[in-house]
Amino acid sequence: MQTNISYFQNKKEFRLFVTKSFPNLIKLKKEGDQTSFNALVLKIMPQIRQYVNTQLNTAIRKGHFSKNKYKADDIIDQLFIEIYDHIEEVKHEKDFYLWLFKTTNSLLDDIKVEEEFDDLFFKNIDDYSKP
């Protein structure tokens, strides 16, 4: 039982940390201090990386793509760009946590859609290459 309590407490603490980081991220972006911006985002990333790894493993088990095709770092790198480019879309600091995970899910969904298209296309490439 203690493990569950500490897990949920850690999740609550993480959510609070992400929420409280939002005003600082906005300020750092407005000041053009990308180094400090990235350093603060890096503090958020371990939990996000864990989430991405879980989602990738689930997609691999479901057969969406092969095991070593994507790494969490690929998605995390793209997420850095998305955060920096679109953080102003978040209206309130309380919405940042949810926005962060929605953006992460969107990146993961894009990969799945791309893989489904490639899989369908390459399975039927002979049909497409006929005159």
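Colleague: Which element of the chain has the lowest mean pLDDT, and which the highest?

Modeller: This is a predicted model. Helix α5, residues 125-129, has the lowest mean pLDDT, at 60. The highest belongs to α3, at 92.

Colleague: And what does the chain average?

Modeller: The average pLDDT is 84. A score of at least 70 is reached by 79% of the residues.

Colleague: Back to α3. At what angle do α2 and α3 pack?

Modeller: About 135 degrees, with the axes 9 Å apart. Here α2 is residues 34-61 and α3 is residues 72-86.

Colleague: Why is α2 called oblique to α3?

Modeller: Because angles over 145 count as roughly antiparallel and 65 to 115 as roughly perpendicular, and the rest are oblique. The angle here is about 135 degrees, which makes α2 oblique to α3.

Colleague: Is the crossing left-handed or right-handed?

Modeller: The crossing of α2 and α3 is right-handed.

Colleague: Which residues make the contact?

Modeller: From α2, they include F37, V41, M45, I48 and R49. From α3, they include D73, I76, F80 and Y84. The contact residues split into 14 nonpolar, 3 polar and 2 charged.

Colleague: New topic. How many aromatic pairs are there?

Modeller: The structure holds 6. Take F14 and Y97: their ring centres are 6.0 Å apart and their planes sit at 70 degrees, so the pair is edge-to-face.

Colleague: Where do F14 and Y97 lie?

Modeller: F14 is in helix α1, residues 2-31, and Y97 is in helix α4, residues 96-123. The pair therefore ties together parts 83 residues apart in sequence.

Technical notes: Residues are numbered from 1 along each chain as its sequence is written. This is a predicted model: local features need pLDDT of at least 70, side-chain atom pairs count only at pLDDT 80 or more; totals for chains, interfaces and linings use all residues. Side-chain values use heavy atoms; hydrogens and water are left out. Axes are lines fitted to C-alpha atoms, for helices over the stretch in contact, and angles run from 0 to 180 degrees between N-to-C directions. Helices (H or I, at least four residues) and strands (E, at least two) are DSSP runs, numbered from the N terminus. Angles under 35 degrees count as roughly parallel, over 145 as roughly antiparallel, 65 to 115 as roughly perpendicular and the rest as oblique. A crossing is left-handed if the near helix is turned anticlockwise from the far one by less than a right angle, and right-handed if clockwise. Contact means heavy atoms within 4.5 Å. Ala, Val, Leu, Ile, Met, Phe, Trp, Tyr, Cys and Pro count as nonpolar, Asp, Glu, Lys and Arg as charged, and the others, Gly among them, as polar. pLDDT is the predictor's confidence in each residue, from 0 to 100. Rings of Phe, Tyr and Trp (its six-membered ring) pair if their centres lie within 6.5 Å; planes under 30 degrees apart count as stacked, over 60 as edge-to-face and the rest as tilted.
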